[in-house]
Amino acid sequence: MTERPAREPGKRRLVLWRHGQTAWNVERRFQGKTDIPLDETGVEQAHRAARLLAALRPTTILASPLRRAADTAQALADVTGLTPVHDRDLIERDGGEWEGLTSREIRERYPAEHAAWQPPGGETSAQVAKRVGTALDRALDDLPPTGLLVVASHGAALRLGMSHLLGLPEQVWERLGGLSNCSWSVLAEMRDGGWRLVEHNAGTLPEPVLGDDRTDNGA
């Protein structure tokens, strides 16, 4: 396999943007890779956040192809005129047997797995971190040195992918809090080519954090 050329040093910025609210978020159901659309509130959240993010003058929009993330990205595309690129490696964590279950049902039916936060038949945190982190790295390789990439994806996928990009060891991943619906985090490129987290879970607070991430379920 041909190696990609080294990335030219620059001042790239990365905005990691979680999708708007869905009915399953409100019901506290594990969504995972199940393709659930935005609800009415989620659509409103996406349009509001898009107006704010457009002021950053994004260069590129990248999104998970699942509808809740793709439609969130499209709200920004409608404001900026950019065309979103979809990457399946940005979909949410595969929740295996947990998908469609509420937080209470998961705790009651799978107490040991819940304590370890490992859905039977689903992905591990390390697998998600590598998958999403690799997708982000791949997209950043194609971003101009002064470009700004907005990525519309999912709560667990973004937190874990961000941890990978920041080079955080797995034992501290849970110290990075979750993202609320339609909130975002901003990373800035450093001189050595690494990344600094400069803003986290910004945008629509004080809305609650609702999603499939361990930090979202009181575990």
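Predicted model: local features only at pLDDT ≥ 70, side-chain atom pairs only at ≥ 80, totals over all residues.
**Exercise 1. Overall dimensions**

Task: Find whether the radius of gyration agrees or disagrees with that of a compact globule.

Solution. Start from the chain length: a compact globule of 219 residues would have a radius of gyration near 17 Å. The protein has 17 Å, so the two agree. Then take the extents: the C-alpha trace spans about 50 × 40 × 30 Å along its principal axes. Finally, consider contacts with a separation of 6 or more: 72% of them join residues 24 or more positions apart.

**Exercise 2. Sheet order**

Task: List the elements of the protein and work out how the strands are arranged in the sheet.

Solution. From the N terminus, the elements run β-α-α-β-α-β-α-α-α-β-α-β-β, giving 7 helices and 6 strands. The 6 strands make an open sheet with mixed pairing, in the order 3-2-4-1-5-6. Strand 3 (85-86) and strand 6 (195-202) are its edges, each pairing on one side only.

Now look inside the sheet. Strand 2 (residues 60-63) pairs with strand 4 (residues 148-153) in the parallel sense, over 4 bridges. Thr60 stands opposite Leu149 in strand 4. Helix 2 (residues 40-54) packs on the sheet and touches strand 1 (13-18), strand 4 and strand 5 (184-189). The direction of helix 2 makes about 170 degrees with that of strand 1.

Key:
Residues numbered from 1 in each chain as written. Heavy atoms only, no water. Pairing = 2+ DSSP bridges. Helix = DSSP H or I, 4+ residues; strand = E, 2+ residues; numbered from the N terminus. Contact = heavy atoms within 4.5 Å. Axes fitted to C-alpha atoms, helices over the stretch in contact; angles between N-to-C directions. Rg over C-alpha atoms; globule rule 2.2 N^0.38 Å.
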